[in-house]
Amino acid sequence: MNTTRQFTRSAFLFVTLILVANASARAFDGPDTSPEKEKELLAVLRSDAPASEKAIACKNLAIYGSPAAVADLAKLLPDPQLSSWARISLEVIPGEASDEALLAASESLEGRLLVGMINSIGFRRNANAVESLTAKLQNSDADVASAAAVALGHIGNAAATKSLTAALATVPANVRSAVAEGCVLCAERLHGEGDAVAATKIYDQVRAADVPMQRIIEATRGAILARNQDGIPLLQEIIQSPDKKLFQLALGTAREFPGSEIDKTLAAQLDKATPDRAALIVQAMADRPQTVVVAAVVKAAGQGPTAVRISAIDALQRVGDDSCLSALLTIAVGDEEALATAAQQTLSVLPGQDVNKEIGALLPTAKGDTHKLLLQLVGQRRIDAVNEVVKALDSSDKSVRSAALVALGETVSLERLSLLISQAVAPKHAEDATIAQQALKAASVRMPDREACAAELASAVGDAPAAAKTTLLEILSEVGGTKALQTLATAARSNDDQLQDTSSRLLGKWNGVDAAPVLLDLAKTAPAEKYRVRALRGYIGVARKFAMPDKARAEMCRNAINATLRPAERKLALDVLTLHPSVDGLKLAVNAMRVASLKDDATAAALIIAQKVGGKGVDVSALMAAAGLDKVKLEIVKAQYGAGATQKDVTAVLRKQASNTPVITLVSGTYNASFGGDPSPGVVKQLNVEYRINGKDGKASFAENALIILPVPK
Amino acid sequence: MSKQATQVPRRRFLQSTVSAAGAAAMAPMFIPSSALGRDGAVAPSERVIVAGIGIGRRGGYDLSCFLPQKDVQFVAVADIKKKRQGEVKKIIDTYYGNEKCVTYRDFREVLDRSDIDAVLIATGPNWHATAAMTAAKAGKDMYCEKPVTKNISQSLILAETMRRTGRVFQAGTQRRNLPHFAFACELARTGKLGKLKKVYAHPAGMQALMSGWLVPETEPDQDVVDWDMYLGPAAWRPFNRKLLDGFNFEKGGGFVGAFKGGGVLEWGSHCVDLCQWAVGDCAPPVEYDAPKDGELVARYENGTELIFRERGWIPLGSCPVRFEGETGWVEAGDSGKMVLSSPELLAGREVDEIGGYPATFHVRDFLDCVKTRSKPKGNADAACNAHIACHAANIALHLDRQVKYDNTTHTFINDAQANRMRSEALREPWRL
């Protein structure tokens, strides 16, 4: 049962938590430390290395350190800067040495550092520390005493539990909350381990104590769940509590409570609670789908305060069944709009094996609003009732015909699609045309065999009136596939300007790379210039939008550039290359630089592509060297490499490598190697360059190892 | 499988959950407002009283989603930066037309206020888990930005703490409340794609992120920036203003040395979270391979693969996910669009296209659950599982080898090094 599983998992998770914490303190199977790495790291700790290096060494010892590292780490525990770094290692290094080091430090340190030690002791669940921690419950520093209480809660053995429960009545008020937290942790552990009686005792003790409301809430939740079915009266008591927090607790705890008795209790509360609370109780009931008393929810949906009814109607979306259909249909055609809307919404998704069958059976005899509602549900629920729906198309009531058309759009099969095509192309009632076309579109895009569907639609294009032709072509473009594409291509080459306009527009936003050859052909051969431009833009759009190999994209851009002399479209093709930078794209851009009318745009594109591709570690220096970039007078004013305040002057290196182009090629593949070492290990660095090109000042920054291409100042 | 597919072309609007054409629709679904007393003016006593903790860029956006909710009263903000306290107060006061928003430097003062029901936690990720659990123990419900946790241990403790304290927790995984992502996950979860074989997530950068111990700079006055409070549970390091950008600080799981894995956690807490939803929010994968060719493959107990993949996505915007079954597939992204292997998968339904990954619906889901005490979509259990998957992947990434995870004991099998990376001590005096 769902709720039982929930509860079991809750308890189980708590146990796994214990394992997680405990596991840190003991040795694991498998390969453990790396002696060489540990040796290197310990050498750092033993040296006069700066604190920054020791901190990082501590962090790495968390992975590679053994008990042999404990003594060196322990020396750092009193250091306010490095104490927490040392504890990162000590919390996870297996063995008693770590426990002993933390415990020893807790005997000498004070204040925040002491709190840190106690927290780590708690995390490691060091049972040997109970006596020491118990003593610290009386520490005059409330933060220390509170930390000790929570640490004892994490340890959670019999001795720790005894200390905490004894302290609950004796510690000062400002420590009591933490002691209560520790008590609840002990109780959770006991409950998880199966000792519900002992757990209940602790929970009740906390509930009776003078502690903050949140601790009462935690203890009350535990007290209800630990009592199992005997906890129902307590849950019943708090669900009726005037205190909002306790009422909310009851709603939450009811959801995790095991068994089905609680469902009856909740159902019984509906008549007793105020409407605002009853509306919330209904939601809690519906979150227990396996055991909910459905009849009580249906009853709440049918009568009583509106808020409760709407909540219940909504809840039936999750827990309703066949038995709710009749009641919901009545509400859905009722006079109260909010209730009717909610019921219609629920009916569209109402669970239940026979709901569809019953709706189909009601359809032939239904009248008026109920008839319309049932037609609507046929569409929403995709019920197979085409014959009855078709009958409704002859109704004299437009709203019934509309409902029928929509239902047909959602349910008609390919074999009977012609029914809808004829309604869309030549409706009996002109006023039905728009809704019929919408229905045809809805039907067409859901057909599993889109080629067959497209064939049906394409065959109707020829004889259709002009407006309907446009509609059919638009639907074909939504359906997609080979036949649809062919039909649009043919229409784009027809003698009819409207068809050319519609088809070229639709092809221009075709959603697939299969349109590329058609668009390229149209870009060259379409009857009018405006449609050739439109097709070419669509072709370039395909290259921009869709995933494809770099070579194929570059080839498309080459085709686009060759297909026109118009600068705007040629620039669009170059933009695609910069958006998807690749070596193939760079080659094309470099070639394009040789065409006089493209030189400026192609040069800009080549520089951008080279920057992006080079930044990913691809060597494009040879390509750029061969690009024939215009000669410039380049002066490096200042160059620095590093991070934050750690900067290395690399002006001399850059000056040496600078030539008469904006591209600077370094001697090695990485900045660190080229600039004589890493100025700031472990940190992301930047190269900042101040320069002058043809007498004009410029500044540029480069991410580590990016290709250095200096923008030409304007 | 081919990428030739049907991109859902339909666009719908939010005002209705049933389309004009009447087809069953997939739209953000909430309990009718009239059932929860949020129709029209809401009595002050029925409002959810909220405070903000660490409201910067992301938090400011979240705040803009909270403020218009009629049943919310935002009353306070806590921030370690004095300037930001004033900026956020101004936004809130301007919205309400009063001067009542109270500012604090220490968020614990917010938690001490008994009138506050819930908090919006939008600090840097370093603080998320610690602030969330401190808030839970103070009896506050919370909407907490992601990534929620820094390691596996925190993930487990988060789920357990929310359960024990009875608090409502919503991770800032707002894509769970966007119709196209929800629909895609539902297709996978309910077997509409056939037996699920692979789920793909886009980590957007299994790469370095800045953190660690930078060069010391002069520490500002505590009033300007409370550096000690900013560091909070993170191990001590000197002030450096680059670390003041929460985006850079302690975000990648905190592994020193390689600094790898930023994207896995930063984006994985969204896209892996969606993959987890697609597999029914089951326990996280049990095997994580070393990364290879821009991919990291993990496997669930039933053999379904979770693949962190950098390339090969249909251009559907950021944070794409893809679910492949034996008979079909679906891919969706932040554009609000999705691509299906067959239009038949729609089964007559229309799916709202909502681009730009707004958090409004996620905030609404949270507020409804604060009232009903139900679990929101980004609840702590779901967040726990998704984050464990990210952390385990990060560990495989860091160690550059396969790791195997036991969901029963929550340990890595025969792997002492990986096991030591499941947790990290918090700086004093903080604890979970």
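This is a predicted model: local features need pLDDT of at least 70, side-chain atom pairs count only at pLDDT 80 or more; totals for chains, interfaces and linings use all residues.
Biologist: Which residues in α9(B) are buried?

Modeller: In α9(B), the buried residues are B:G268, B:S269, B:H270, B:C271, B:V272, B:D273, B:L274, B:C275, B:Q276, B:W277 and B:A278. Residues are numbered from 1 along each chain as its sequence is written, and chains are lettered from A and ligands numbered from 1 in the order in which they are written.

Biologist: Why is strand β4 of chain B called largely enclosed?

Modeller: Seven of the seven residues of strand β4 (residues 72-78) of chain B are buried, so the rest of the structure largely encloses this strand too.

Biologist: Which strand does β4(B) pair with over six bridges?

Modeller: That is strand β3 (residues 48-53) of chain B, and the two run in the parallel sense. Strands pair if DSSP finds at least two bridges between them, so six bridges qualify. One bridge links B:A51 with B:A76 of β4(B). The chain gets from β3(B) to β4(B) through helix α1 (residues 57-66) of chain B, in a right-handed β-α-β crossover. Right-handed means that, with the strands pointing away from the viewer, the path from the first strand over the helix to the second runs clockwise.

Biologist: How many bridges join β4(B) to strand β5 of chain B?

Modeller: Three bridges do, and β4(B) and β5 (residues 102-104) of chain B run parallel. In β5(B), B:Y104 is the bridge partner of B:A78. Helix α2 (residues 82-96) of chain B carries the chain across from β4(B) to β5(B), and this crossover is right-handed.

Biologist: Why is chain A called more spread out than a compact globule?

Modeller: The radius of gyration of chain A is 38 Å, well over the 27 Å that the globule rule gives for 714 residues, so the chain is more spread out than a compact globule. The radius is taken over C-alpha atoms, and the rule is 2.2 Å times the number of residues to the power 0.38. Along the principal axes, the C-alpha atoms of chain A fill a box of roughly 95 × 90 × 45 Å. Chain A has 40 helices and six strands, and 50% of its 714 residues are buried.

Biologist: How many residues does each chain bring to the contact between chain B and chain A?

Modeller: Chain B brings 76 residues and chain A brings 92. Contact means that the C-beta atoms of two residues, placed from the backbone, lie within 7 Å. On the side of chain B that touches chain A, α5(B) gives the largest share, eight residues.

How values were computed. A residue is buried if 20 or more other C-beta atoms lie within 10 Å of its own, exposed if 12 or fewer, and partly exposed in between; C-beta atoms are placed from the backbone. Helices (H or I, at least four residues) and strands (E, at least two) are DSSP runs, numbered from the N terminus.
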